[in-house]
Amino acid sequence: MIRSWANAATRRFAESGNARTFPGLDVDRAIRRIAELHAVSSLDQISPLKSVGLHKLKGDRRDQWAMTINGRWRPCFTFADGDAHDVEIADYH
């Protein structure tokens with residue numbers, strides 16, 4: 001379950017589907033990724049398909065995970081005790 005949002009823009013997107021803050025975002029895929037993240041209680045429950053692209057981040061984001069939405073956009077988050085925290089849609093490249 002998603003317990004917290006890293007920023008207001010991601011929270012607004014999750015609540016309304018309004019993606020104006022994220023130019024070029026595939027809205028349908030982003031909604032699916034957020035819904036999937038909200039539904040799981042373990043990272044093992046996230047699809048292993050390459051198109052989902054679950055991966056551990058490095059460097060400044062080494063405590064975070066990310067999944068692929070499209071192009072440059074990724075939902076980034078920390079995961080602890082069966083919940084996602086500080087979820088944000090980001091272009092971290």
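Visitor: How many salt bridges does the count come to?

Guide: The count comes to four salt bridges. Note that this is a predicted model.

Visitor: What makes arginine 3 and aspartate 83 a salt bridge?

Guide: The closest N and O atoms of arginine 3 and aspartate 83 are 3.2 Å apart. The cut-off is within 4 Å, between a side-chain nitrogen of Lys or Arg and a carboxyl oxygen of Asp or Glu. The pair therefore counts as a salt bridge. Arginine 3 lies in the segment before H1 and aspartate 83 in strand E4, so the pair ties together parts that are 80 residues apart in sequence.

Visitor: Why is arginine 3 called exposed?

Guide: Its relative accessible area is 52%. Exposed means over 50%, so arginine 3 qualifies. Aspartate 83 has 15%. Buried means under 20%, so aspartate 83 is buried.

Visitor: Which side chain does glutamate 15 meet in a salt bridge?

Guide: Glutamate 15 meets arginine 11, at 3.1 Å from N to O. Both belong to helix H1, and being four residues apart they are separated by about one helical turn. Glutamate 15 counts as exposed, at 58% relative accessibility.

Visitor: Why is arginine 11 called partly exposed?

Guide: The relative accessibility of arginine 11 is 31%. Under 20% would be buried and over 50% exposed. The value for arginine 11 falls in between, so the label is partly exposed.

Visitor: What makes arginine 61 and glutamate 88 a salt bridge?

Guide: Their closest N and O atoms are 2.9 Å apart. The limit is 4 Å, so the pair qualifies. Arginine 61 lies in the loop between E1 and E2, and glutamate 88 in strand E4, so the pair ties together parts that are 27 residues apart in sequence. Arginine 61 counts as partly exposed at 23% relative accessibility. Glutamate 88 is buried, with a relative accessible area of 13%.

Visitor: How do you know that arginine 74 has no salt bridge?

Guide: The nearest side chain of opposite charge, aspartate 91, is 7.4 Å away. A salt bridge must be within 4 Å, so arginine 74 has none.

Visitor: What does the side chain of arginine 74 reach?

Guide: It reaches the backbone oxygen of glycine 71, at 2.8 Å. Polar contacts need N or O atoms within 3.5 Å, so this pair meets the distance limit. Arginine 74 is found in strand E3. Beyond its neighbours within four places in sequence, arginine 74 is in contact with several residues, including His55, Glu88 and Tyr92.

Visitor: What makes E3 and E4 a strand pair?

Guide: Six bridges join E3 to E4. Pairing needs at least two bridges, so E3 and E4 pair. The two strands run antiparallel. Alanine 80 stands opposite aspartate 83 in E4. The hairpin of E3 and E4 has two residues between the strands, and there aspartate 81 takes a positive phi near 55°.

Visitor: What about E2 and E3?

Guide: E2 and E3 pair over two bridges, in the antiparallel sense. The rule asks for at least two, so the pairing holds. The bridge partner of alanine 66 is cysteine 76, in E3.

Visitor: Why do E1 and E4 stand at the edges?

Guide: The four strands form an open sheet in the order E1-E2-E3-E4. E1 and E4 each have a single partner strand, so one side of each is left without a neighbour in the sheet. Six of the eight residues of E4 are buried, so E4 is largely enclosed by the rest of the structure.

Visitor: How many aromatic pairs does a search of the whole structure find?

Guide: The search finds two. The rings of phenylalanine 13 and phenylalanine 22 have their centres 6.3 Å apart and their planes at 85°. The limits are centres within 6.5 Å and, for edge-to-face, planes over 60 degrees apart, so this pair is edge-to-face.

Visitor: What makes phenylalanine 22 and tryptophan 73 edge-to-face?

Guide: The angle between their planes is 80°, and the centres are 5.5 Å apart. Ring pairs link Phe13, Phe22 and Trp73 into a cluster.

Methods. Residues are numbered from 1 along each chain as its sequence is written. This is a predicted model: local features need pLDDT of at least 70, side-chain atom pairs count only at pLDDT 80 or more; totals for chains, interfaces and linings use all residues. Side-chain values use heavy atoms; hydrogens and water are left out. Buried means under 20% relative accessible area, exposed over 50%, partly exposed in between (1.4 Å probe, protein chains only). Lys and Arg count as positive and Asp and Glu as negative; His and the chain ends are not counted. A polar contact is a pair of N or O atoms within 3.5 Å; within protein, one must be able to donate a hydrogen and the other to accept it, and residues adjacent in sequence count only if both atoms are side-chain atoms. Contact means heavy atoms within 4.5 Å. Rings of Phe, Tyr and Trp (its six-membered ring) pair if their centres lie within 6.5 Å; planes under 30 degrees apart count as stacked, over 60 as edge-to-face and the rest as tilted.
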